[in-house]
Amino acid sequence: MDQFKDTSLFSTLTPVLRDYIIRSNYSMNRDLMNIHEEYCADTFTYATNITDCIDQTYHAIEMLSGYRRNIHKSINRPDYVTFMIENFYMRFTSIYDRMLRLLNQVFELGLPERECRDNTIVKNGNIRTKSFVSALNKANKLISTHRANRNKIAHSQTHTEDELNSLKPFYHLRDNDVSFDHKKYAHLYKTMTDDFVKQKKEKFTELLDTLVLYVKEFFDNVGKYVLEIASKKK
(Lines give C-alpha, C1' and ligand atoms only; values in the text may rest on other atoms or scores of the structure.)
Protein backbone atom coordinates (compact mmCIF):
# COMPACT_ATOMS: atom_id res chain seq x y z
CA MET A 1 0.00 0.00 0.00
CA ASP A 2 2.82 2.43 0.84
CA GLN A 3 4.03 2.47 -2.76
CA PHE A 4 0.63 3.76 -3.92
CA LYS A 5 -0.18 6.30 -1.21
CA ASP A 6 1.14 9.26 -3.20
CA THR A 7 -0.74 8.46 -6.39
CA SER A 8 -3.44 10.87 -7.50
CA LEU A 9 -6.18 8.40 -6.58
CA PHE A 10 -5.19 7.94 -2.94
CA SER A 11 -4.19 11.59 -2.58
CA THR A 12 -7.80 12.40 -3.53
CA LEU A 13 -9.47 9.82 -1.30
CA THR A 14 -7.35 9.94 1.85
CA PRO A 15 -8.22 13.51 3.01
CA VAL A 16 -11.95 12.82 2.56
CA LEU A 17 -11.81 9.66 4.66
CA ARG A 18 -9.62 11.31 7.29
CA ASP A 19 -12.06 14.22 7.64
CA TYR A 20 -15.00 11.82 7.81
CA ILE A 21 -13.41 9.79 10.63
CA ILE A 22 -12.75 12.95 12.60
CA ARG A 23 -16.26 14.29 11.97
CA SER A 24 -17.89 11.02 12.96
CA ASN A 25 -15.82 10.81 16.15
CA TYR A 26 -13.91 7.77 14.84
CA SER A 27 -17.04 5.61 14.72
CA MET A 28 -16.90 4.91 10.96
CA ASN A 29 -20.69 4.60 10.97
CA ARG A 30 -21.70 4.65 7.29
CA ASP A 31 -25.10 6.05 8.24
CA LEU A 32 -23.32 9.31 9.01
CA MET A 33 -21.73 9.56 5.57
CA ASN A 34 -22.91 12.07 3.02
CA ILE A 35 -23.01 10.98 -0.63
CA HIS A 36 -19.60 12.52 -1.32
CA GLU A 37 -17.98 10.58 1.51
CA GLU A 38 -19.81 7.39 0.61
CA TYR A 39 -18.59 7.57 -2.97
CA CYS A 40 -15.00 8.08 -1.79
CA ALA A 41 -15.25 5.28 0.78
CA ASP A 42 -16.58 2.81 -1.80
CA THR A 43 -13.90 3.85 -4.29
CA PHE A 44 -11.25 3.41 -1.59
CA THR A 45 -12.50 -0.12 -0.91
CA TYR A 46 -12.20 -1.12 -4.57
CA ALA A 47 -8.78 0.52 -4.86
CA THR A 48 -7.46 -1.32 -1.81
CA ASN A 49 -8.78 -4.57 -3.27
CA ILE A 50 -6.09 -4.01 -5.90
CA THR A 51 -3.29 -2.93 -3.56
CA ASP A 52 -4.05 -5.71 -1.06
CA CYS A 53 -3.85 -8.28 -3.84
CA ILE A 54 -0.50 -6.87 -4.96
CA ASP A 55 0.83 -7.04 -1.40
CA GLN A 56 -0.39 -10.63 -1.09
CA THR A 57 1.26 -11.54 -4.39
CA TYR A 58 4.58 -10.20 -3.10
CA HIS A 59 4.04 -12.33 0.02
CA ALA A 60 3.49 -15.39 -2.17
CA ILE A 61 6.82 -14.74 -3.90
CA GLU A 62 8.66 -14.32 -0.63
CA MET A 63 7.10 -17.44 0.86
CA LEU A 64 8.45 -19.59 -1.98
CA SER A 65 11.62 -19.88 0.07
CA GLY A 66 9.88 -20.05 3.43
CA TYR A 67 9.48 -23.80 3.69
CA ARG A 68 10.36 -25.35 7.06
CA ARG A 69 10.12 -29.12 7.26
CA ASN A 70 9.53 -29.18 11.02
CA ILE A 71 6.50 -26.90 10.53
CA HIS A 72 5.06 -28.26 7.27
CA LYS A 73 5.13 -31.94 8.22
CA SER A 74 2.27 -32.95 5.93
CA ILE A 75 3.71 -31.35 2.77
CA ASN A 76 7.14 -31.78 1.22
CA ARG A 77 9.11 -28.93 -0.28
CA PRO A 78 8.24 -29.39 -3.99
CA ASP A 79 4.54 -29.56 -3.10
CA TYR A 80 4.93 -26.45 -0.97
CA VAL A 81 6.69 -24.61 -3.82
CA THR A 82 3.94 -25.74 -6.22
CA PHE A 83 1.31 -24.39 -3.84
CA MET A 84 3.05 -21.00 -3.66
CA ILE A 85 3.51 -20.83 -7.44
CA GLU A 86 -0.20 -21.48 -7.88
CA ASN A 87 -0.90 -18.84 -5.24
CA PHE A 88 1.16 -16.36 -7.27
CA TYR A 89 -0.65 -17.04 -10.54
CA MET A 90 -4.11 -16.91 -8.96
CA ARG A 91 -3.44 -13.53 -7.35
CA PHE A 92 -1.34 -11.99 -10.13
CA THR A 93 -3.97 -12.62 -12.79
CA SER A 94 -6.82 -11.29 -10.62
CA ILE A 95 -5.31 -7.80 -10.39
CA TYR A 96 -6.61 -6.74 -13.80
CA ASP A 97 -10.13 -7.90 -12.95
CA ARG A 98 -9.99 -5.77 -9.81
CA MET A 99 -8.91 -2.78 -11.89
CA LEU A 100 -12.02 -3.20 -14.03
CA ARG A 101 -14.22 -3.39 -10.94
CA LEU A 102 -12.67 -0.18 -9.66
CA LEU A 103 -13.68 1.54 -12.90
CA ASN A 104 -17.20 0.17 -12.54
CA GLN A 105 -17.34 1.92 -9.15
CA VAL A 106 -15.60 5.14 -10.20
CA PHE A 107 -17.87 5.76 -13.17
CA GLU A 108 -20.94 4.32 -11.44
CA LEU A 109 -21.72 1.94 -14.29
CA GLY A 110 -23.80 -0.27 -12.00
CA LEU A 111 -22.61 -3.56 -13.51
CA PRO A 112 -22.65 -6.76 -11.44
CA GLU A 113 -19.05 -7.71 -10.67
CA ARG A 114 -19.25 -10.82 -12.85
CA GLU A 115 -20.10 -8.54 -15.81
CA CYS A 116 -17.01 -6.34 -15.40
CA ARG A 117 -15.13 -7.37 -18.55
CA ASP A 118 -13.24 -5.69 -21.38
CA ASN A 119 -16.28 -5.43 -23.60
CA THR A 120 -18.40 -3.85 -20.86
CA ILE A 121 -15.79 -1.59 -19.24
CA VAL A 122 -12.85 -0.77 -21.51
CA LYS A 123 -14.98 -0.54 -24.65
CA ASN A 124 -17.64 1.55 -22.92
CA GLY A 125 -18.08 4.82 -24.79
CA ASN A 126 -17.55 6.85 -21.63
CA ILE A 127 -14.30 5.10 -20.79
CA ARG A 128 -12.41 3.99 -23.89
CA THR A 129 -10.90 7.44 -24.58
CA LYS A 130 -9.88 8.18 -20.99
CA SER A 131 -6.22 8.73 -20.14
CA PHE A 132 -5.92 5.65 -17.92
CA VAL A 133 -6.75 3.19 -20.72
CA SER A 134 -3.12 3.01 -21.86
CA ALA A 135 -1.95 1.79 -18.44
CA LEU A 136 -4.93 -0.55 -18.22
CA ASN A 137 -4.09 -2.11 -21.57
CA LYS A 138 -0.43 -2.56 -20.60
CA ALA A 139 -1.48 -4.32 -17.40
CA ASN A 140 -3.86 -6.55 -19.33
CA LYS A 141 -1.21 -7.46 -21.92
CA LEU A 142 1.30 -8.41 -19.23
CA ILE A 143 -1.20 -10.49 -17.27
CA SER A 144 -2.82 -12.13 -20.32
CA THR A 145 0.27 -14.23 -21.05
CA HIS A 146 -0.33 -16.06 -17.76
CA ARG A 147 -4.12 -16.46 -17.84
CA ALA A 148 -4.03 -19.86 -19.53
CA ASN A 149 -1.82 -21.19 -16.76
CA ARG A 150 -4.09 -19.64 -14.14
CA ASN A 151 -7.18 -21.19 -15.74
CA LYS A 152 -5.51 -24.60 -15.88
CA ILE A 153 -4.68 -24.36 -12.17
CA ALA A 154 -8.16 -23.17 -11.27
CA HIS A 155 -10.12 -25.63 -13.37
CA SER A 156 -8.18 -28.70 -14.41
CA GLN A 157 -4.79 -29.57 -12.95
CA THR A 158 -1.94 -28.80 -10.59
CA HIS A 159 0.81 -26.52 -11.84
CA THR A 160 3.57 -28.53 -13.49
CA GLU A 161 6.91 -27.85 -15.19
CA ASP A 162 9.90 -30.05 -15.99
CA GLU A 163 12.35 -28.71 -13.41
CA LEU A 164 9.83 -29.00 -10.61
CA ASN A 165 8.75 -32.48 -11.72
CA SER A 166 12.36 -33.69 -11.61
CA LEU A 167 12.55 -32.83 -7.89
CA LYS A 168 9.42 -34.62 -6.74
CA PRO A 169 10.57 -38.29 -6.88
CA PHE A 170 13.45 -37.69 -4.47
CA TYR A 171 11.25 -36.02 -1.86
CA HIS A 172 8.60 -38.70 -2.26
CA LEU A 173 11.14 -41.47 -1.70
CA ARG A 174 12.71 -39.65 1.23
CA ASP A 175 9.36 -39.44 3.00
CA ASN A 176 7.85 -42.79 2.01
CA ASP A 177 10.56 -45.37 1.34
CA VAL A 178 12.49 -46.39 4.48
CA SER A 179 14.98 -48.40 2.38
CA PHE A 180 16.01 -45.32 0.40
CA ASP A 181 19.29 -43.76 1.59
CA HIS A 182 18.16 -40.19 1.00
CA LYS A 183 21.06 -38.59 2.89
CA LYS A 184 23.44 -39.43 0.03
CA TYR A 185 21.42 -37.18 -2.30
CA ALA A 186 20.03 -34.60 0.12
CA HIS A 187 22.59 -31.87 -0.62
CA LEU A 188 22.21 -32.24 -4.38
CA TYR A 189 18.43 -32.01 -4.30
CA LYS A 190 18.43 -29.17 -1.81
CA THR A 191 20.76 -27.23 -4.11
CA MET A 192 18.60 -28.01 -7.15
CA THR A 193 15.48 -26.92 -5.28
CA ASP A 194 17.13 -23.74 -3.99
CA ASP A 195 18.23 -22.82 -7.51
CA PHE A 196 14.75 -23.43 -8.90
CA VAL A 197 13.16 -21.28 -6.20
CA LYS A 198 15.71 -18.49 -6.69
CA GLN A 199 15.05 -18.34 -10.44
CA LYS A 200 11.29 -18.44 -9.93
CA LYS A 201 11.39 -15.64 -7.36
CA GLU A 202 13.45 -13.46 -9.68
CA LYS A 203 11.07 -14.03 -12.58
CA PHE A 204 7.94 -13.43 -10.49
CA THR A 205 9.38 -10.31 -8.85
CA GLU A 206 10.24 -8.82 -12.23
CA LEU A 207 6.70 -9.51 -13.47
CA LEU A 208 5.06 -8.00 -10.42
CA ASP A 209 7.36 -4.97 -10.27
CA THR A 210 6.44 -4.20 -13.88
CA LEU A 211 2.74 -4.58 -13.15
CA VAL A 212 3.06 -2.24 -10.16
CA LEU A 213 4.40 0.48 -12.47
CA TYR A 214 1.32 0.10 -14.66
CA VAL A 215 -1.01 0.17 -11.66
CA LYS A 216 0.64 3.35 -10.38
CA GLU A 217 0.16 4.95 -13.78
CA PHE A 218 -3.44 3.75 -13.77
CA PHE A 219 -4.11 5.20 -10.30
CA ASP A 220 -2.53 8.52 -11.22
CA ASN A 221 -4.78 8.85 -14.25
CA VAL A 222 -7.95 7.58 -12.57
CA GLY A 223 -7.52 10.01 -9.68
CA LYS A 224 -8.52 13.08 -11.64
CA TYR A 225 -11.80 11.50 -12.69
CA VAL A 226 -12.54 10.49 -9.10
CA LEU A 227 -11.88 14.07 -7.99
CA GLU A 228 -14.18 15.42 -10.69
CA ILE A 229 -17.04 13.02 -9.95
CA ALA A 230 -16.67 13.29 -6.17
CA SER A 231 -16.69 17.08 -6.32
CA LYS A 232 -20.10 17.04 -7.96
CA LYS A 233 -21.47 15.11 -4.97
CA LYS A 234 -20.62 17.71 -2.35
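User: Which is it for Phe-88 and Phe-204 in this model, buried or exposed?

Analyst: Phe-88 is buried, and Phe-204 is buried as well. The label needs a relative accessible area under 20%. Keep in mind that the model is predicted.

User: What makes the rings of Phe-10 and Phe-219 an edge-to-face pair?

Analyst: Start with the search of the whole structure, which finds 17 aromatic pairs. In this one, the ring centres of Phe-10 and Phe-219 are 5.6 Å apart, and the planes stand at 85 degrees. Pairing requires centres within 6.5 Å, and edge-to-face requires planes over 60 degrees apart.

User: Why can the pair of Phe-10 and Phe-219 be said to tie parts of the chain together?

Analyst: Phe-10 sits in helix α1 (residues 8-23), while Phe-219 sits in helix α8 (residues 186-231). The parts are 209 residues apart in sequence, so the pair ties them together.

User: Why does Phe-10 count as buried?

Analyst: Its relative accessible area is 1%. The cut-off is under 20%, so Phe-10 is buried. Phe-219 has 0% relative accessibility and therefore also counts as buried.

User: What makes the pair of Phe-88 and Phe-204 stacked?

Analyst: The two centres lie 3.8 Å apart, with 5 degrees between the planes. Stacked means planes under 30 degrees apart, so the pair of Phe-88 and Phe-204 qualifies. The pair also links distant parts of the chain: Phe-88 belongs to helix α3 and Phe-204 to helix α8, 116 residues apart.

User: Which residues do ring pairs link into a cluster?

Analyst: The cluster holds Phe-4, Phe-10, Phe-44, Phe-107, Phe-132, Phe-218, Phe-219 and Tyr-225.

User: How is the packing of helix α3 and helix α7 described, and which residues meet?

Analyst: Helix α3 (residues 77-92) and helix α7 (residues 162-176) pack at about 145 degrees, and their axes are 8 Å apart. From α3 come Arg-77, Pro-78, Asp-79, Val-81, Thr-82 and Ile-85. They meet Leu-164, Leu-167, Lys-168 and Tyr-171 of α7. By class, the residues of this contact are six nonpolar, one polar and three charged.

User: Why is the contact of Lys-190 with Asp-194 called a salt bridge?

Analyst: The closest N and O atoms of Lys-190 and Asp-194 are 2.7 Å apart. The limit is within 4 Å, so the contact of Lys-190 with Asp-194 is a salt bridge. Both residues lie in helix α8, four residues apart, about one turn of the helix. Lys-190 has 46% relative accessibility and Asp-194 has 27%. Exposed needs over 50% and buried needs under 20%, so both count as partly exposed.

User: Where do Lys-198 and Glu-202 lie, and how far apart are their closest N and O atoms?

Analyst: Lys-198 and Glu-202 both lie in helix α8, four residues apart. Their salt bridge has its closest N and O atoms 2.8 Å apart.

User: Why is Lys-232 exposed but Glu-228 partly exposed?

Analyst: Lys-232 has a relative accessible area of 66%, over the 50% cut-off, so Lys-232 is exposed. Glu-228 has 44%, which falls in between, so Glu-228 is partly exposed. The side chains of Glu-228 and Lys-232 meet in a salt bridge at 3.8 Å, N to O.

User: Which residues do salt bridges that share partners join into one network?

Analyst: Arg-77, Lys-190 and Asp-194 are joined in this way. The total count of salt bridges is 13.

Methods. Residues are numbered from 1 along each chain as its sequence is written. This is a predicted model: local features need pLDDT of at least 70, side-chain atom pairs count only at pLDDT 80 or more; totals for chains, interfaces and linings use all residues. Side-chain values use heavy atoms; hydrogens and water are left out. Axes are lines fitted to C-alpha atoms, for helices over the stretch in contact, and angles run from 0 to 180 degrees between N-to-C directions. Helices (H or I, at least four residues) and strands (E, at least two) are DSSP runs, numbered from the N terminus. Contact means heavy atoms within 4.5 Å. Ala, Val, Leu, Ile, Met, Phe, Trp, Tyr, Cys and Pro count as nonpolar, Asp, Glu, Lys and Arg as charged, and the others, Gly among them, as polar. Rings of Phe, Tyr and Trp (its six-membered ring) pair if their centres lie within 6.5 Å; planes under 30 degrees apart count as stacked, over 60 as edge-to-face and the rest as tilted. Buried means under 20% relative accessible area, exposed over 50%, partly exposed in between (1.4 Å probe, protein chains only).
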